[in-house]
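Hello,

Here is the structure I promised to pass on to you. Have a look at it first, and then read my notes below.

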Amino acid sequence: MKKYLSFLLIALMCILAFWQVAFLDYTLKWDILDGYLPGHYFISECLRNNIFPLWNPYQQLGFPIYADLINTNYPVNMLIASLFPYTNVTFHILFIIYLIIAGWGAYKLSLQFGIIEKVALLTGIAYPLSGFSTGNAQHMQFIIGASWLPYTILFFLKLARIGKFTDLLCFVIFTFLLITGGYPPTAILLAYLLAISYVFYVIKYFKSKQARTALYYTFRCLIAAVLLIVLCAAMLISIQQSTPFVNRFSGLQYETAIINPFTPQSLISVISPLTPVVHAGLFKTDLSMNNLYFGSIMVMLIMYSLFRRHNLISILLLVSGMIILFISFGEYGFIHQFLYNHVPLFDKFKHPGNLRIFPILFFLLYAGLQVSNNDPLQNENYNVFRRAYYLFLAFILILFIGSFSVIIIRAAGPVDFHLTMKSLLNDYGIFGPLCLQTVLILFFNLIFIYIILIRQKTHLLFKVILFIVAAEAVVFTQINAPYSVTFKSGPLEIRDFLKHRPQGFPLPDHHLLSENTEQSVSFPPLIHNTNTYAKTVSPYVRYPFALDGYIKLEQDSALFQNSINNRLMYFADTILPLSLLNNFRKNINTENKKYVFVEDSVFNKSLKSLHVYSSANRDIEVTLFSPQRIVFNTHAEKPQFAVLLQNSYPGWKVMIDGNKVSYYTVNYTLMGVEIPPGKHTITFEYSNKLYTYLTHLSFMLFAGLILIYLVINAMASYKLCPRSIYLHTSGIIALLVLLFLAFTPKTAYSDKQEQSKACISDILIHETKDKNKSSFIIFNTEKAFSDLKIDSAVQHTYLRFRNPADGIRLWKLTDTMSNEQLIYVWSNVLEIPEIRDIIQMRYPLLLKQYHDDRYAVEVFSNTGTDSSPFHQLYFNNYEDSVRFWTYDRNALTTDTVFSGRFAERFTTSHEYGATFRFPVQHVPAKGIRVYTALRFLRNDEKSCHLVVTIIRNQQTIHYHTIHLVEYDLQPKTWNIAFTSQYYQHHKLRKGDEIVVYAYNSGKNNQLYIDDFLVKIELTQLLH
């Protein structure tokens, strides 16, 4: 029972310390959203559409996602991705689970070292709640590595001491999880530590004349090594294949390898983890790498341990922890540079600060082992323990008095005193957070002083220490979390955003790839690599893994822009050898040509005699798009040279009308192919059979090892405990069920789309059968419905909406329509949120709406009964006063207007114009939607914005802005700008103000605004 209580206590502490993550109150921040989520989301989309994830076409002009070690090689990722849609919430759940796994592993490892249970529990809580977890919460690889690390060491020790077959299986299983799921430096350093341990045990066995035991141990290690090599074969092949194309796999420059060390000054985090986070600039490293906290009371136990009798194991733990700590210093210590220069693999990774997880674990084990071997409650030990505690307390007290004195002096002098937490942390340098956390340590230790030192209830010593460790870890984690763990954004809102992204792999839209920016499809805090969610091919990336050819093209800005200012595939009209690139560099940006440069040897051998032409009759249409296959139909009167905006990489195959043809690497990294005249079908296919087979073999072997372990334990448990047989049998059944579900074919996206298309067709036939009504259909679908069975008299058009220019096209279209009824059809593509607002400017009545998960059909009318949500329009045309609008009539002009007599002119001294202020008297259960639009004319080229914000108690709690330049499609003429925001019920309170205004941020002297509209909608639209 105690075992389960220990596990529950560790789990409870992890949940309490990170309760905002566990209960989805705040979202995990930074790299977990920018780097990890896009890749995991993508592999989930692939596996749920029966596609093995090899090539991600959406970032950096496509890249082999399997070659990036954080995605497809880890079986847990692939299993989850095949069973559930991978979202940000998945990471929240996994983060907490991994912390609990880490804590339980540290606890079990402590017991293996002979640490008594009540002390092992200290390690089980301090390890997962250490500064490594709070500092690197954004780095899921780091957290995964830290969670499996104790288990790998645990079963390696068991393999050496006991040597059971199940221990070998567990060692292989957990090491494989650490290698494929963790950050590579963790596995690299661990490999050297295990190798040293192996030598240590072999020498020990030979010294004690146990040669046979040494031989058996070596044989077990050899079997484990072979199994690990087979399990990791797919990952090793991916590294071997990608090394010629990814510079980082060939070895890093020393200046790169030492990025983000754990600097010596960051040792202050052992006592005050908040100090290096708040003032990160002073500590010469990233704030994720400057936290070594593992509990101040544990530091006291280490101080006590230093003055007690040691054994060989405790010395090795202490020395190993110190050496690895010096390695984590990077350039601030000589050891890292020595290892970089002389030890294999140490030149392959950066972020030495990641290695601090080892000293954290080793120091905790050292303290636990020393305390267990030297019971502080014994008379002689108790006196040393008490002196160590007084020394520790004196040190904390000195830090507190010193920092508090500096604060008092500065408050009386150059710093204006403000009794706020923000002022304390920011206005007094490192002394503010240091003072705060030392006073908290002193406060927690008042309990120790009162119970142990004053009341002399020494039998409660370990219980009091346990309480202090747990309470301090939870409080300090909560204090640090806003800086390095969470954003104040709702995880469920992000999940809902991802849920409504296009499923599967729709056809690309009409936009040039240069228009597929991250900002165009972002949803803060999802602001990087967002095209993966939008399913739009993008030339941009913010990601540590990038192909060398792509980097080279991106750095050649002129050629890069010339290439990406095209659709996914285009016909080049100028082919030249790469040696002439410098001669044509100036012309690339000025001439309206599509340049292609190839290696001189290739040009002279194969392309010198090829003449391509600009044909008015040429045409390219993409008919199929997926991560493994892209198909185009082309039509050209003369020979052409087509360029696909995807990176050239081994595994691509190109076919014309089913016949395989050669392709060329052009512009450093793109794929080009000769196209003969006439109509043709061009197919690009990507595959890597070797990696795919090895991955399946690896995962099947991994599942087989787990199954063998469960069967062996079930058989052994049957003789010992009937309850255990049920437990292990349940594990076997659960494993088989998961594997069955993972490998069960899913309903493919294309099949779902065909079902949606049939439903849409039936709805449109029904809605257009009344010939007395004049209808117009707008299709926002991945492609036009070629076999639509509706009356030929019904007008329809096919549009794709993704950016402001698309919205303006819709605005202009509805402006010219005279139909009574407009039917809007959406099916599994992107859409800007303002679509329905634009439609309802001319067709205000929403008569009917049909909705499904992947499609929507909505019928709007300008006559009939209004069934649309309740809304209020406030239109400011600057002619008369309008409710909730205020503006300076002295800023009005009659010289340049869009309509009526007046418009507002902004000048260099006139930054803020007409302002709309709407007091929220009641917050509807479904929230409030704000839509605003205006007409503007810019004669200057400086920045200006349309702003929607929420003011609460004179403080801005939400700020949304768009740059009017995005809508300035016809410079120096009147253009339309619009935006919308939806505020959920829990985001608003009675008394808040919705404020809308134009902001002349760049201080234009000739900026004009007219016909400023705000619509307040008091219920949320269903779609």
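By a nonpolar core I mean a set of buried Ala, Val, Leu, Ile, Met, Phe, Trp, Tyr and Cys residues joined through side-chain atoms within 4.5 Å. Please keep in mind that this is a predicted model.

The largest such core has 249 residues, and the members that touch the most others are Phe95, Tyr127, Trp148, Phe358, Phe448, Phe641 and Phe684. Helix H8 (residues 140–161) contributes the most to this core, 15 residues. Tyr127 has contacts beyond its neighbours within four places in sequence, including Ala146, Leu149 and Pro150 as well as Ile357, Ile360, Leu361 and Leu364. Another core, of 61 residues, lies apart from it; Leu822, Ile835, Ala914 and Ile976 are among them.

Next, a β-α-β unit. Strand E6 (residues 574–577) pairs with strand E7 (residues 595–598) in the parallel sense, over 4 bridges, and Tyr595 of E7 is the bridge partner of Thr574. Between E6 and E7 the chain passes through helix H27 (residues 581–590), in a right-handed crossover. In a regular strand, side chains alternate between the two faces of the sheet. In E6, Thr574 and Leu576 point one way, Ile575 and Pro577 the other, and all are buried.

Finally, is Leu937 buried or exposed? Leu937 sits in strand E26 (residues 928–938) and counts as buried because its relative accessibility is 7%, with the cut-off for buried at under 20%. Setting aside neighbours within four places in sequence, Leu937 is in contact with Thr896, Lys972, Thr973, Trp974, Gln1006, Leu1007 and Tyr1008. The C-alpha atoms of Leu937 and Ile398 are 64 Å apart.

Best wishes

Terms used
Residues numbered from 1 in each chain as written. Predicted model: local features only at pLDDT ≥ 70, side-chain atom pairs only at ≥ 80, totals over all residues. Heavy atoms only, no water. Buried < 20%, exposed > 50% of the residue type's maximum accessible area, 1.4 Å probe, protein only. Helix = DSSP H or I, 4+ residues; strand = E, 2+ residues; numbered from the N terminus. Pairing = 2+ DSSP bridges. Right-handed = clockwise from strand over helix to strand, strands pointing away. Contact = heavy atoms within 4.5 Å.
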